[in-house]
Amino acid sequence: MASDTAVQLLNQASGYGVLVGVGGGFALGMILVTFFLRKYLREDNTSTETFSVANRSVGTLLSASAVYSSWSWATELLWCTTMVYNYGIQSSYYYMSGLAVQIAVMAMVGIHAKKKIPKAHTSLEIIELRYGKAAHILYMFLCLTNNLLSCSSMILGAAGAISIIAGNLHIVAATILTIFSVLCYSIYGGLKATFLTDFAHTLILLIVLCYLNTAVLTNVGGLDALYDALANFGGTREIPGNYENSVITGKSQGAILFGLILTAGNFGLSVMDSSFWQKTFSASPRATVPAYLTASALIASNVWPLGAIIGGAAIVLESSPKFPTYPRKMTQYEVDSGFALPYALMATLGKGAVGGLLLIVYLAVTSTVSAQMVSVSSILTFDIYKKYINTDAHNKSLILVSHIGCIIFTFGAAGFSIMLHYVGVNMTWFGYFYPLIICPGVIPLILSITWNRQNWYAAFISPILGIVFGFIVWTTTAYKLDGAVNITTLGGQLPALYGALTALFLPGIASVVISLVYPQKFDWQVLQQAHLLVDEDVSSENSDDVNEKDEIINSDKGDTIEGDDRGKNEIEVNVDSDQASSSNNLESQNTIAGVKQLTQKQLDFWIKIATGAAIFILLITWVLWPLPLYRDWIFSRAYFKGYITVGLIWLYATLLIIGIGPLISGRHTIAWIAKNVYRDYIKRW
């Protein structure tokens with residue numbers, strides 16, 4: 001392909017087919033599933049508790065699948081390949097290590113929240129109850145900014161990739177069509193619909209990734225052929241900081257700097273993202289830690305083999321006539337925008353594989369946008385509307401505000417993404433930038449639920465210090481290194497790294513120091529005794545609907561799901577007669593909203609497990625494995641083949657555990673719904 005010819009991988013019809021056809025199909029499917037859950041399992045999508053926290057009863061594997069899906073960003077697949085192209089195979093390792101630690105930390109944070117504020121809907125309710133209005137507004141700004149930046153970065157990267165894949169589809173069309181279907185089913189079904197679509201997205205994503213990685217590896221000639229090609233590539237282009245310019249060395253300065261920036265940013269993207277907190281609130285008490293630790297262990301399967309196999313293929317095939325840009329190299333814009341991945345697939349597997357990539361990029365972005373949408377709508381509902389506008393609000397008005405919040409945020413994030421595109425911001429620059437904004441509140445927010453001695457001054461002042469000094473370090477480093485402060489110098493690795501680490505760790509240090517200088521001790525009973533559950537103002541229409549459901553469920557004893565089996569099902573069934581009663585009747589010592597709670601001894605046990613697991617994962621991923629490789633050494637054939645082989649095993653294991661597993665554990669519920677759908681619709685028709 002001539003250098004002045006635009007790259008066109010697929011035609012625009014393919015893009016519209018995925019965005020409109022697949023998007024519309026998913027929206028319709030999730031609306032139907034939500035309807036059936038309401039009709040047969042009394043999962044009331046008009047209930048604020050169901051919409052926001054899925055009745056706090058989601059099981060282990062479905063929760064793990066949802067967390068995995070929420071952390072499977074479209075930019076994750078694109079950016080991993082970009083960094084492997086830039087700095088070599090070790091970049092895929094550091095991307096992997098940059099994903100696991102934060103989810104493990106959220107397991108610890110989530111079980112602390114289950115113990116200390118089990119009735120919460122958002123993380124900001126903790127801040128308001130503990131520190132008051134001023135801190136509440138500050139952290140609300142930080143969390144909403146995080147949601148906007150993270151969602152926009154996802155849409156920016158995905159829409160750009162969809163545009164280039166689908167015949168240069170207009171970026172505005174790609175953006176709007178991407179978010180429209182997810183808006184439909186999220187508004188209708190709320191967080192439970194998000195969990196179900198997360199599972200469907202995860203299953204399809206893992207199937208496609210298994211095929212793409214295996215097929216590309218076969219196409220390039222297998223492990224030995226790929227190793228030989230990468231080994232011979234060393235020295236053909238300069239990679240500053242890599243041992244002998246090799247792309248298969250553990251000593252890669254660019255890779256480790258990228259990994260540190262990514263890890264810092266991901267702490268912000270998880271801890272400051274209320275959707276991750278909501279998933280802990282939504283999981284049943286016994287499922288919280290196992291679900292998050294399962295997702296933490298398996299999330300590496302996304303980028304581990306993909307970076308090494310397809311990223312490696314992009315490196316060695318760029319000079320091949322098969323490569324879409326041949327005879328020219330990729331431009332810096334193409335590299336930074338993540339186009340190495342679709343180009344490598346086109347060169348190895350052709351249009352079918354690129355179509356599969358188009359599908360999983362679309363599914364990944366819609367999954368994350370859905371979680372962000374419900375997260376922001378919950379903040380608008382509980383932390384703004386109910387707290388400051390209508391303190392006596394009940395279910396009907398709260399659910400309306402939630403729906404409006406979904407619409408406002410979705411189109412706002414889409415508009416912000418389009419603006420970023422037109423001002424020339426690419427995926428890589430934006431990924432280096434947003435840690436400066438989203439990281440300052442991370443450690444103070446964690447301490448707000450884990451340490452009873454953090455005082456108001458520490459919680460309020462430390463994030464502000466992080467933002468101010470993070471920007472100062474970022475800009476001054478860029479000036480010192482390059483002699484200017486502009487869009488190019490600010491996108492350098494070292495300024496981004498120093499700024500991100502300052503924004504992340506300075507608030508933590510400041511918070512501890514201030515709290516020790518002005519000691520206070522907080523009583524956790526304040527959080528436990530707060531009245532946070534929503535009073536359900538069930539209408540007569542809903543009451544009739546509930547009675548109809550009782551008749552359906554009890555009409556055939558053989559079709560009921562026994563109470564002892566409910567805890568084993570991935571979609572748990574709550575058919576207690578007090579479901580529609582007031583929240584005062586629902587709140588008891590051992591149950592919340594009809595869900596049995598763990599004892600204090602059990603909660604303390606899971607806190608120890610989660611804390612130990614977070615430390616263990618941090619040591620493995622950032623100390624024991626990578627640091628011995630950071631030396632003057634090029635991967636041996638045996639190490640390289642073992643690295644890729646274990647990565648593929650990890651990927652296929654992930655497919656079995658959180659792709660197929662929820663179908664097996666939820667088989668009773670699926671069969672129950674299928675029987676009733678057949679009886680009420682198919683058989684009658």
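Y95 is buried in the predicted model, with a relative accessibility of 4%. W79 counts as buried as well, at 4% relative accessibility. The structure holds 37 aromatic pairs. W79 and Y95 form one of them, an edge-to-face pair with 6.3 Å from centre to centre and 85° between the planes. Because W79 belongs to helix α4 (residues 74–87) and Y95 to helix α5 (residues 90–116), this pair ties together parts that are 16 residues apart in sequence.

A second aromatic pair is tilted, since the ring centres of F635 and Y639 are 4.9 Å apart and the planes stand at 55°. F635 is buried, with a relative accessible area of 2%, whereas Y639 is partly exposed, at 21% relative accessibility. Both residues belong to a cluster linked by ring pairs, which also includes Y93, Y94, W304, W622, W625, W633, Y643 and W650.

On the surface, a nonpolar patch is formed by Y457, I461, F505, I509, V513, V517 and Y518, which together have about 690 Å² of accessible area. Helices α21 (456–482) and α22 (493–517) each supply at least two residues of the patch. The most comes from α22, which gives four residues. F505 lies in helix α22 and is partly exposed, with a relative accessible area of 45%.

Confidence was also examined along the chain. The mean pLDDT of the protein is 84, and 87% of the residues reach 70 or more. Over residues 538–589, pLDDT stays under 50; for this stretch the model has 87 contacts beyond four places in sequence.

Key. Residues numbered from 1 in each chain as written. Predicted model: local features only at pLDDT ≥ 70, side-chain atom pairs only at ≥ 80, totals over all residues. Heavy atoms only, no water. Patch = residues over 30% accessible without salt bridge, like charges linked within 9 Å, V, L, I, M, F, W, Y side chains within 5 Å. Areas by Shrake-Rupley, 256 points an atom, 1.4 Å probe, with all protein chains shown as cover. Salt bridge = Lys/Arg side-chain N within 4 Å of Asp/Glu carboxyl O. Buried < 20%, exposed > 50% of the residue type's maximum accessible area, 1.4 Å probe, protein only. pLDDT = per-residue confidence, 0-100. Contact = heavy atoms within 4.5 Å. Phe/Tyr/Trp six-rings, centres within 6.5 Å; stacked < 30°, edge-to-face > 60°.
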